[in-house]
Amino acid sequence: MTDIRLFGYADPLSARAGQPIDFMVSAEGTKEVKAEIVRLVHGDFNPEGPGFIEETVATDLSPTLAVKRQYTQNGSFARVADPDGRLALDGPFTVHAFIWPSMPGGARQTILGRWSVKEGKGYALGINPEGKLEFWIGDGETVDQVTADAPLVPKVWVLASASFDPATGEARLRQIGVQNSWNSHIGPVTPFDHDAHVKEVLRVRPAHADIPFLIAGAHEENPERGRFVSTLYNGKIDRSGVVARALSADEMAAIADGSPPADPLTYWDTTEGFTDRGIGNVITDTGPHALHAEGVNRPIRAMSGWNWRGRDDSFRLNPSQYGAVAFHDDALTDCGWSPTVAWTPPTDLKSGVYALKVTAGDAVDRIPVIIRPDRARAKIAVQMSTFTYLAYANEHLSFDAQIAQAIVAHTPVISGDDLEYQKLQEFGLSTYDHHSDGAGVCYSTWKRPIINIRPGYRMAGMNFPWALPADLSLLWWLEHAGYDYDLITDHDLDREGLAALTPYKTVLNVTHPEYYSEGMLDATEQYLTGGGRVMYLGGNGYYWVTAACPDDPACIEVRKLDVGSRAWQAEPGEGYLASTGERSGLWRSRGRAPQKLVGLGFTAEGMDRAEPFERMPDSFHKRVAWIFDGIGEEELIGDFGLALGGAAGVELDRYDLALGTPPHTLLLASSIDHTDNYPLVSEEISYAFPGRGGTQDPQVRGDMIYFTTANHGAVFAAGSISWSQALPCKGGENNVGTVMRNLLDAFVKDGALPGSAYTGEEKHWR
Amino acid sequence: MTERTYHKVGRRPWELRGTPDGAAERARARVPGARRHWLKWRDVHNPKTLRRERILADKKPLWWTIGLSALAVTTPFLPNSLISVVSIFCIYAAINVLWTLIVGTAGIFSLATLAVVGVSGYVAAAANVYLGVPWPFMLLIGPAVGFVFGAILAAPSTRLDGLYYALLTMGVAEICRVFVMQLKALTQTGGAITQVDSFIPEDWFLQRPGLLLGFAGAFALLLGALLVWRLVNSERLGLLLRVARTSREDEAFAEAVGIDFRRARLWVFVISSAALGVVGAFYAMYYRSISPQIFSLDQLLLLFAMMVIGGLGRAEGAVVGAAIVVLIDKGLPELGPIRIIIVAAIMIGVTIFAREGLTGARDQFRDFRKRKAGERRALRTEKGGEAMPEEATEVHDKQELYYRRFNKRLRDRLKGLITPELIEEHRRDPLGRHSDALGRVLNYFRRGEMADKYIIHRMEPAVEKFRIMAVSGVRGMPPRVVDDREYDDIREAYHAVFLLRVNDLLES
């Protein structure tokens, strides 16, 4: 028997009860799977906790589903539908494009054209396996081409153009260097000659297949898979177009100078359509037929263009220098699978994390979906960090990142599923990975199977759960301790703003609320000023400036730059989000350090061991002493946990008045004794000097703080990813749980908070 | 540590290279009727200067032109005896080139090559002598016979493999010989057909003008054979077969990827046979006769010697081999039977010392030089140690060279830190609060490059059963299993990885 393989995803990743959810399943080795809906109660199998728990939910879903193999189009490109075949050219024509190829050579790449790989019909401008610019045409029988003699130099801008006259068969290929001091990877001091001009008489006239015109790829087809796109291009393409005649040398020189052709058939002006709020996924054709090109797998807009000169470091300052669109052969923002089954959770379904569990033979997959209640039903909301889940989706760090083992201080522990995903390379990358040409990945989507939101999944790098599977520990404990809760998600908060939070007395953050949009920060802030109570129970939160794409909320965008623990570094000028126009990077670089909102901000990370919190003197103030009811004066809090054996670990946040922690904040407890595998984070380092690890630097610690806001609002923050994963230990009855109970019991009540009366001037005899 | 010697590296270019101007328009001419260019000019960036240089990427056409022109120009000045040697060389070279197509390109090990030449020659000669067909038509009859005979011979080639097919074709040659010998009509001449009309006028025969005309014809024949070789090999048929070459053993695979592999092979065989038919007709005309000698085993073995000496599967091999053997066999008759011994000795020598005949010697020399360089480097540098200047020329990222130096010295220091106590400290708590020494050792391990970096594989979901693997460092290429040991405690697995790394460190 062949191995059965099952993969799937839910769209949307989170929905209100009563709204339908599509599940897409791809199966190999079976035509049928058993299917049921389960509620995910606890994820990790660590014997110190309750273990893996799921509950079957009675539904009207068919117990077996017919499934098929579904194929995924990897790689970004742009498609010009061209229904009237205006680009099926029989007369003379010129195609031209500014290109910045990042990986010329190796495999054939198509820059633009109307080319059918299978039939060998049409024409295209591309890069041949030798790494040289090439223009080829085919009549279905024979392919003929003209090749530039100059090799393309990686990451250097050139204007590429080819003209062809079927009357004479004359083809001209021109490559004109447009490198300046700013726009390319290397500068003009390199004595490369980027120019080429080859004339050749071809023996073939193009025939035309019934296919679209593509930018950064070519049409391919096979019986099993159907139509898809291959010979994908890696690199940037700036303004491009087609002219229905052979352009002269002077006319080409004019384009290389920056003026668009006078009489284009199409002119994809990639600088057209920029607003202060970014740019969408459609590349505008300003030519007479408006043959716009639609991005597939989200080509990256707002990249520095061929004429970039460094002075204007954002497209908002000068869109004309931001015409570049970056294409990658391994980009993926939508698998585009057809739905296998739809499920509409009943309106009375308990809010929680559910999954479609599909089984065939030994293969099983749980496809998670977060169900929000149809209307607010509980006093407590848990904000599931869906932005973070996407940011880390299918991260490859253990396999690809050389420094990963040094960061986490672990030898990775991989599972069979990791091996499978690593081998397939089909389900896309995380914002912690690099594209094949080394560029950082800035988009991530839920429209694909994501291994690391599976309930029992442990992050390979450190052998404990991360994000969603870790957050199940908090949900399990709330249930264990008898607190009703509703789930909301980052996406809900981003979309609805304050309205998503107002029904709740208190809102809990999960283990790692790292990726935040402006709307989410605003809503949280307004909630707090309006008397809301936030329990920030994570590490490294409110960190990256992130946005959900307005035209596709399944997809988030982040650009990593300047400072912070960043898996990659955006190229100069490319730090602004194409989807919103905001400067990305850290929120603290934009005047919104997380300390200003929840009192804490990122200070250290390490993954060798976690430590307990120790009470600080402020915890004995009557304003907050109630939080520690039932806890000894010198008792260590959380010297246990599913994540590295402590409640303070993995990623830690610190109180810092200099970064905007509210001045009336009380420092309740701090973690102690961290190892040197917890170094101070890079954004805290202005001068580098030795001794910034846990054994020498007092800033390496996790803090527990409390402050009140107007209208009986308050923030409790325990700045550690490990915090919530300490809750399930000892059967759920432990001192981390005691702190949580004291807080929740107070936070769900209306009116004044305990201790709020103790506002007097301090006059102590002692 | 041994004293190092630093040799200066760097070479002047020996090859003439063009200095193209990118801005200038360049019109590329093509071979008429084809898509190919006359010469394979390629521009490269010289990695030393980054300047653009134009090189002739394929110099074979140049060597062919020089060689063949030299032959054409010098032959008319040679004495009569040598002119006929050169002509015979041309004929044999033509046969050899076509045979190379059959053996090399089609991959059919046929020994009936001379049989095809002979049968075509006989039929063409007979048509001329007995039917009075004028001689120019012999050049049509020959290939027609070759085509038919080739088709008959080709049929069993896909059924029989290798040695059996070779034996079969040898048998066919022998049958031809016996058949011709037993023909009553030819008993007077010992099986030969004589008085064949020719493109060489009768009264010029064996005279200088006749010899020169014979050479001209033979030279044209060789050019024709080379053209056939070129067309078959670089057009669709040859390309198909080249694609399938890696999978010659697996025709099913070739067919699965859409290559009609058998058909292509048969076509190459039949086309070559037809061309051999032309040679047959020419042969009969050149000698004005044809004898059963053409079917004999010694002729076949002489041909075989040419192939082996020149190198199988290459046109230049076929020609060079023919030149050497013909020069010895026909050019030095005064040596007597010793000639054959010399040919045999050369053949054995080439077989022993050259992998792919004389024309493969260049590649072989390059491999040899590479291997020697590797050996010398291994002697001069330690594994993972500093790169010497020779090796540095091959490292693109020069920072790598510093990393090597740095890491080598770092490793030497770290080796001194490895003690039983340190190993015991790690065993007690692989994720613990570590001493400064252990922390340094671990940090070195963890920062190591990705290729072959150790990871732990949880063998079943949620079960504490582990083994150690090493990642490839290449995206999509799965990790390899390091050994078959299994661990049921993650701490043991961490420590096992540590021990492997300590071992690697101490061995480095």
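Helix axes are lines fitted to C-alpha atoms over the stretch in contact, and the angle between two of them runs from 0 to 180 degrees between N-to-C directions. In this predicted model, that description applies to two helices of chain B: helix H4 (residues 135–154) and helix H9 (residues 261–287) pack at an angle of about 145°, with their axes 7 Å apart. The crossing of H4(B) past H9(B) is right-handed. The residues in this contact comprise 22 nonpolar and six polar ones, with no charged residues.

Strand S8 (residues 93–101) of chain A is mostly covered, with nine of its nine residues buried. Phe93(A), Val95(A), Ala97(A), Ile99(A) and Pro101(A) point one way from S8(A), whereas Thr94(A), His96(A), Phe98(A) and Trp100(A) point the other way; all are buried. A residue counts as buried here if 20 or more other C-beta atoms lie within 10 Å of its own.

The pairing of S8(A) may be considered next. Strands of a sheet pair through backbone hydrogen bonds, either parallel or antiparallel. With strand S13 (residues 158–165) of chain A, S8(A) forms seven bridges in the antiparallel sense, and Ala97(A) has Ala160(A) as its bridge partner in S13(A). With strand S19 (residues 235–243) of chain A, S8(A) is likewise antiparallel over seven bridges; here Val95(A) stands opposite Val242(A).

The discussion now turns to the interface between the chains. There, 39 residues of chain B are in contact with 41 residues of chain A. On the chain B side, at least two residues each are supplied by strand S1 (26–27), strand S2 (41–45), helix H17 (436–447), strand S4 (454–458) and helix H18 (490–507). The largest share, five residues, comes from S4(B). By class, the side of chain B that touches chain A has 18 nonpolar, eight polar and 13 charged residues.

S4(B) also takes part in strand pairing between the chains. Two bridges join S4(B) to strand S29 (residues 413–414) of chain A, and the two strands run parallel. Within this pairing, His457(B) is the bridge partner of Ile414(A).

How values were computed:
Residues are numbered from 1 along each chain as its sequence is written. Chains are lettered from A and ligands numbered from 1 in the order in which they are written. This is a predicted model: local features need pLDDT of at least 70, side-chain atom pairs count only at pLDDT 80 or more; totals for chains, interfaces and linings use all residues. Two residues are in contact if their C-beta atoms, placed from the backbone, lie within 7 Å. Helices (H or I, at least four residues) and strands (E, at least two) are DSSP runs, numbered from the N terminus. Ala, Val, Leu, Ile, Met, Phe, Trp, Tyr, Cys and Pro count as nonpolar, Asp, Glu, Lys and Arg as charged, and the others, Gly among them, as polar. Two strands pair if DSSP finds at least two bridges between them. A residue is buried if 20 or more other C-beta atoms lie within 10 Å of its own, exposed if 12 or fewer, and partly exposed in between; C-beta atoms are placed from the backbone. A crossing is left-handed if the near helix is turned anticlockwise from the far one by less than a right angle, and right-handed if clockwise.
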